[in-house]
Amino acid sequence: MAAKFRKIATEEAFSIPEVAESLRDVARSPSQSLDRVLVKGIYDSDTPGKGYDALNFLGGLLDVEERRLAQMDEFGVDMHLLSLTAPGVQMFDADTATDLAALANDRLADICARHPTRFAGLASFAPQSPKRAAKEMERAINELKLNGFILNSHTNDEYLDDPKYWPVLEAAEALGACIYIHPRAASYGFKGPLQDYGLDSAMWGYGMETGTHAVRMMVSGLFDRFPKLTICLGHMGEAIPFWLWRLNFMNSRAQAGGRSPKTELSMEEYFLRNFVITTSGVEDHLALDYAIRKLGADNVLWAIDYPYQPMAPAVEFMESAPVDDETKAKLFHRNAERVFRIAPAEAVQ
Ligand code: 1WB
Ligand code: MN
């Protein structure tokens, strides 16, 4: 019997050997970046078989077409929307980053072409060189037929509200393609209290970093300049849905006091107009219910966060969600098809 809902998972990480090798070099460098903790654990473990190495994230990232596809079959996952895993190319020098983004996009397009019903992909770009990034973004959509973009939060401690990144935002808006802002570890000035207790990454630091990134974009007034830009956030919106009331209230007070720039819309209006969120790594029905009621069922997409989260419980979480079938179809596939321009199942043979 055919499954009731097509299942498209939207924050699914992969890598290629060339990027993995360059990240191993980052792990061995004197970099002070907080990302080094995790990069070392995955790409250059000093405790083989323990910690991150025991979870074999690297194996899961590099093997897309065999083990992953077999697991997708086993758990009834129709499609992964793949993206180059954090921190992407954003820790490399501008030339290396530009070249590796293009290489990763070529490989990703090959995978999608080999399995058009099983994989779609978000293209990487190198914000270190915004004009070249904009060219690669055009190539990725127009020639490689990829489905949107992935960005891993800050680049050299800078955020997308910096006007130097306008070419990137202009390109995404003109192409009508969504930018998924995925976490990476906090920028230099933000890392102090995140350095111990394992707070650097997915437990807490990722959400602080990425939520702050999105809030900077909203308060800066950037969406008045790019009103049609769509941003996707993972992890149930990196806590922003829960903050919206207070963000609105305090931002209007800060605007009146001259501390925040004047904007055409409120924070809540920007969030509803310019953002969608995914459920990656938050398998909590209460949080899902809140997100749907706050943002609307059209703005929440299902994700697993493979290989960092196991597939089976993420499928079970959404299968058992207490929502009607119409809503479940939106969460499982219809919203992903709209936002990432994935052909409906009946249109692909
Ligand atoms: C983890 C999660 C590690 C993510 C990652 O390394 C990424 C983790 C790049 O759970 O430890 C993620 O994408 O959520
Ligand atoms: Mn992820």
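User: Which residues are around ligand 1, and what does it take to be counted there?

Analyst: A residue counts as near a molecule if one of its heavy atoms lies within 4 Å of it. In this predicted model, the residues around ligand 1 are Glu11, Leu38, Ile42, Tyr52, Ala86, His182, Ala202, Tyr206, His235, Asp305 and Tyr308. The protein covers 91% of the 360 Å² of accessible area that ligand 1 has on its own, with areas taken from the Shrake-Rupley method with a 1.4 Å probe, where for residues only the protein chains shown count as cover.

User: How should I read the numbering and the limits of the model?

Analyst: Residues are numbered from 1 along each chain as its sequence is written, while chains are lettered from A and ligands numbered from 1 in the order in which they are written. Because the model is predicted, local features need pLDDT of at least 70 and side-chain atom pairs count only at pLDDT 80 or more, whereas totals for chains, interfaces and linings use all residues, and side-chain values use heavy atoms, with hydrogens and water left out.

User: Which residues coordinate the manganese ion (ligand 2)?

Analyst: Donors are N, O and S atoms within 2.8 Å of the metal (3.2 Å for Na, K and Ca), and since water is not among the atoms, sites may look incomplete. Here the manganese ion is coordinated by Glu11 (OE), His182 (NE2) and Asp305 (OD), at 2.0 to 2.2 Å. In sequence, these donor residues follow the spacing E-x170-H-x122-D.

User: Are histidine 182 and aspartate 305 buried or exposed?

Analyst: Buried means under 20% relative accessible area, exposed over 50%, and partly exposed in between (1.4 Å probe, protein chains only). Both histidine 182 and aspartate 305 are buried. A polar side-chain atom of histidine 182 lies 2.8 Å from an oxygen atom of ligand 1, and one of aspartate 305 lies 2.7 Å from an oxygen atom of that ligand.

User: Why does aspartate 44 count as buried, and what is it in contact with?

Analyst: Aspartate 44 counts as buried because its relative accessibility is 14%. Contact means heavy atoms within 4.5 Å, and, leaving aside neighbours within four places in sequence, aspartate 44 is in contact with Arg24, Ala27, Arg28 and Val39.

User: Which residues have the most contacts inside the largest nonpolar core?

Analyst: A nonpolar core is a set of buried Ala, Val, Leu, Ile, Met, Phe, Trp, Tyr and Cys residues joined through side-chain atoms within 4.5 Å. The largest one has 93 residues, and those with the most contacts inside it are Phe149 and Ile179.

Notes
Polar contact = N/O pair within 3.5 Å; in protein donor to acceptor, adjacent residues only side chain to side chain.
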